[in-house]
2 protein chains.
Amino acid sequence: MYVVIFRSTRTLENQDLYRRWANQLGLAVKKSPGYISHFGFRDQDSGEGVTISYFESEEAIRGWKALAEHLEAQNLGREEFYSEYRVEVAQITRAYGWKKET
Amino acid sequence: MYVVIFRSTRTLENQDLYRRWANQLGLAVKKSPGYISHFGFRDQDSGEGVTISYFESEEAIRGWKALAEHLEAQNLGREEFYSEYRVEVAQITRAYGWKKET
């Protein structure tokens, strides 16, 4: 399994348009082949955030990156929503979890 | 470079003690061999959060996991602070960034 760590800083302008755009992007990625799941956080004060997305393979990530709908979104992201971002692609080598017994 | 994705849900009790504990843990990891950097987010409403830490190697991550100070912190985390967590270790295969020209 592969993971994409997308760390970004928002300009904090166009808040309504951003929400619609982010929402649409969230729906688009779910339909991208090899997509598994994603989650994210954003600090509304600093504008900093992270979105973490899981995919079955690096090919699936490349496919998502090159999807027409996503390319258009990337352009809008650079033009309108972000002052900065960083993308890291990584292969998960181990994973484990813990849950409190209730 | 390796990354540890620590996704957790807080019980939202012991807020003061948690802040001190998290702060101490943040100082401890910085002194752990092979540590590079870390950042995190938490949604105060849902209690969900993520901490992302970068290390030079898997050995460095294993070293941090087994550090006495960290083992003690892990126990306290399970006893007092978290209802659930998940740890993923991954090897970064590519990375790139973008910054708006000013």
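## Basis of the model

Contact here means heavy atoms within 4.5 Å. The model is predicted, so that local features need pLDDT of at least 70 and side-chain atom pairs count only at pLDDT 80 or more, while totals for chains, interfaces and linings use all residues. Side-chain values use heavy atoms, with hydrogens and water left out.

## I92(A) in strand β4

I92(A) touches M1(A), V3(A) and Y54(A), together with E88(B), V89(B) and A90(B), when residues up to four places away in sequence are not counted. I92(A) belongs to strand β4 of chain A, residues 82–99, where strands are DSSP runs of E with at least two residues and helices are runs of H or I with at least four, numbered from the N terminus. I92(A) is buried, at a relative accessible area of 16%, buried being under 20% relative accessible area with a 1.4 Å probe and protein chains only.

## E58(A) in helix α2

E58(A), located in helix α2 (residues 58–66) of chain A, is buried with a relative accessible area of 16%. Leaving out residues up to four places away in sequence, E58(A) touches Y2(A), V89(A), T93(B) and R94(B).

## Helices α1 and α3 of chain B

In α1(B), the residues L17(B), Y18(B), W21(B), L25(B) and A28(B) meet E69(B), H70(B), A73(B), L76(B), G77(B) and F81(B) of α3(B). By class, this contact has 8 nonpolar, 2 polar and 1 charged residues, where Ala, Val, Leu, Ile, Met, Phe, Trp, Tyr, Cys and Pro count as nonpolar, Asp, Glu, Lys and Arg as charged, and the others, Gly among them, as polar.

Note on methods:
Residues numbered from 1 in each chain as written. Chains lettered and ligands numbered in written order. Buried < 20%, exposed > 50% of the residue type's maximum accessible area, 1.4 Å probe, protein only.
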